Amino acid sequence: MRDSGVESSSVSPRPASRVARPASLDLNLLTERWDDVVAAAREARPFLGTALGRTSPSAVNARGEVMLSLERPDEIAEQAIINGADEVARAIALYCDGVTRVRLIPASGTAGERTATSRRYTAEEVRTERIANLRRRDPTLSAAMDALDLELIE
């Protein structure tokens, strides 16, 4: 097999029917082409493409950063996009020149909204979540619980 000297990318190139050269990075153009970007990402990494389908471009800046917003709270999609940010940038670069970085803006919403839209939690899961929140808010409490092997009771 011949080495062409071109670095391979996991995001496949655009079909010939699409625009030959990517346009300058622009939020309106990116929004119009978002379905194509999602399809390109899905082709390379199906799970990442599915997660990306739950976002929309919300801003671009002169440094080439693209900000994406999740439509609703989704920790799994959020983590997939954060881990695959380079792949997402390559997919966007197929349609827009000048992309340097992709940043994710998490969806606004409370844990109550998250539970109402996703699934029911058991009493043990609620208790575990409450303890985890308390530990995050108060590092001293967390350290004491670990050091003294304490258990919180209600």
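## Basis of the model

The structure is a predicted model, in which local features need pLDDT of at least 70 and side-chain atom pairs count only at pLDDT 80 or more, while totals for chains, interfaces and linings use all residues. Residues are numbered from 1 along each chain as its sequence is written, and side-chain values use heavy atoms, with hydrogens and water left out.

Strand 3 spans residues 65-70; strands are DSSP runs of E with at least two residues, and helices are runs of H or I with at least four, numbered from the N terminus. Six of the six residues of strand 3 are buried (under 20% relative accessible area, 1.4 Å probe, protein chains only). One side carries Glu-65, Met-67 and Ser-69, and the other Val-66, Leu-68 and Leu-70.

Strand 2 (residues 55-60) pairs with strand 3 in the antiparallel sense over five bridges, where pairing requires at least two DSSP bridges between two strands. Val-60 stands opposite Val-66. Four residues lie between strand 2 and strand 3 in their hairpin, and Gly-64 there takes a positive phi near 90°. Strand 5 (residues 101-105) runs parallel to strand 3, joined by five bridges; Arg-101 is the bridge partner of Glu-65.

## Helix 7 against helix 8

Helix 7 (residues 123-137) and helix 8 (residues 139-148) pack at about 115°, with axes 5 Å apart. Axes are lines fitted to C-alpha atoms, for helices over the stretch in contact, and angles run from 0 to 180 degrees between N-to-C directions.

The contact (heavy atoms within 4.5 Å) involves Ile-131, Leu-134, Arg-135, Arg-136 and Arg-137 of helix 7 with Pro-139, Leu-141, Ser-142, Met-145 and Asp-146 of helix 8.

Notes. Buried means under 20% relative accessible area, exposed over 50%, partly exposed in between (1.4 Å probe, protein chains only).
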